Amino acid sequence: MISFWRYDSPLGIYTVAEDGEGICALFFEERPGKEKWTMRETPLLKRAAAQMAEYFSGARRSFDLPLSLKGTPFQMADWAALREIPYGQTRCYQQIAEQLGNPKACRAVGMANNRNPVAVIIPCHRVLGKGGKLVGYAGGLSVKQGLLALEQKYR
């Protein structure tokens, strides 16, 4: 059973969910399929919300939460690479593809980033297009821009 709760943030309402093993979703926009989820605030969701509040206040730069991720081997490798991007820094899709050992996999990196189930915790917002262009973010470019600005402010 997946439990979820919605919380306010400086960038709007976000939803965080857990499946009994760990955090399995965090997103800013509405997503279909939640009809099978139960709206219930669990201790783990409260812990995630507390860490997100610390992040938004500039007091937290990384997260200490159990995650329950499901993805292809490439997606899992991509998400691991994203977690290595330091707070307040960015990378481009090409750099992530090279880090994964396949310099031609820029589009695959973009698709894996798009499938990132736990925004912010796995910081796909830190990945920019060629030349530093602000492109692609499931929560919307304004949220991505807000997350990057927040990290620059507290860097």
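Colleague: Which residues of α1 are buried?

Modeller: The buried residues of α1 are Leu 44, Leu 45, Ala 48, Ala 49, Gln 51, Met 52, Tyr 55 and Phe 56. Buried means under 20% relative accessible area, exposed over 50%, and partly exposed in between, with a 1.4 Å probe and protein chains only. These residues cover an arc of only 165 degrees around the axis, which puts them on the same side of α1. The arc is that of the directions from the helix axis to the C-beta atoms.

Colleague: Where do these values come from?

Modeller: This is a predicted model, in which local features need pLDDT of at least 70 and side-chain atom pairs count only at pLDDT 80 or more, while totals for chains, interfaces and linings use all residues. Residues are numbered from 1 along each chain as its sequence is written, and side-chain values use heavy atoms, with hydrogens and water left out.

Colleague: What covers the buried residues of α1?

Modeller: The cover includes β1 (3-7), β2 (14-18), β3 (23-27) and α5 (141-154). Contact here means heavy atoms within 4.5 Å. Helices (H or I, at least four residues) and strands (E, at least two) are DSSP runs, numbered from the N terminus.

Colleague: How far apart are the end C-alpha atoms of α1?

Modeller: They are 20 Å apart, which agrees with the 20 Å that the 14 residues of α1 (residues 43-56) should span at 1.5 Å a residue. The expected span is 1.5 Å times one less than the number of residues. Just after α1, Gly 58 takes a positive phi of about 85 degrees.

Colleague: What is Ile 23 in contact with?

Modeller: Leaving aside neighbours within four places in sequence, the contacts of Ile 23 include Leu 44, Leu 45 and Ala 48, which are buried residues of α1. Val 118 and Ile 121 are also among the contacts of Ile 23.

Colleague: Let us turn to α2. Which of its residues are buried?

Modeller: In α2, Gln 75, Asp 78, Trp 79, Ala 81 and Leu 82 are buried. Seen down the axis of α2, they fall within an arc of 155 degrees, so they line one face of the helix. They pack against α3, α4 and β6.

Colleague: What about α4?

Modeller: Helix α4 (residues 106-114) has Val 109, Ala 112 and Asn 113 as its buried residues. Their arc around the axis is only 100 degrees, which puts them on the same side of α4. Their cover includes α2, α3 and β6 (127-128).

Colleague: I noticed Glu 151 in α5. What does Glu 151 touch?

Modeller: Not counting residues up to four places away in sequence, Glu 151 touches Tyr 55, Tyr 87, Gly 88, His 125 and Arg 126. Glu 151 is buried, with a relative accessible area of 1%. By contrast, Lys 36 is exposed, with a relative accessible area of 70%, and lies in the loop between β3 and β4 (38-39).

Colleague: Finally, how many helices and strands does the protein have?

Modeller: The protein has 5 helices and 6 strands, in the pattern β-β-β-β-α-α-β-α-α-β-α along the sequence. Buried residues make up 45% of its 155 residues.
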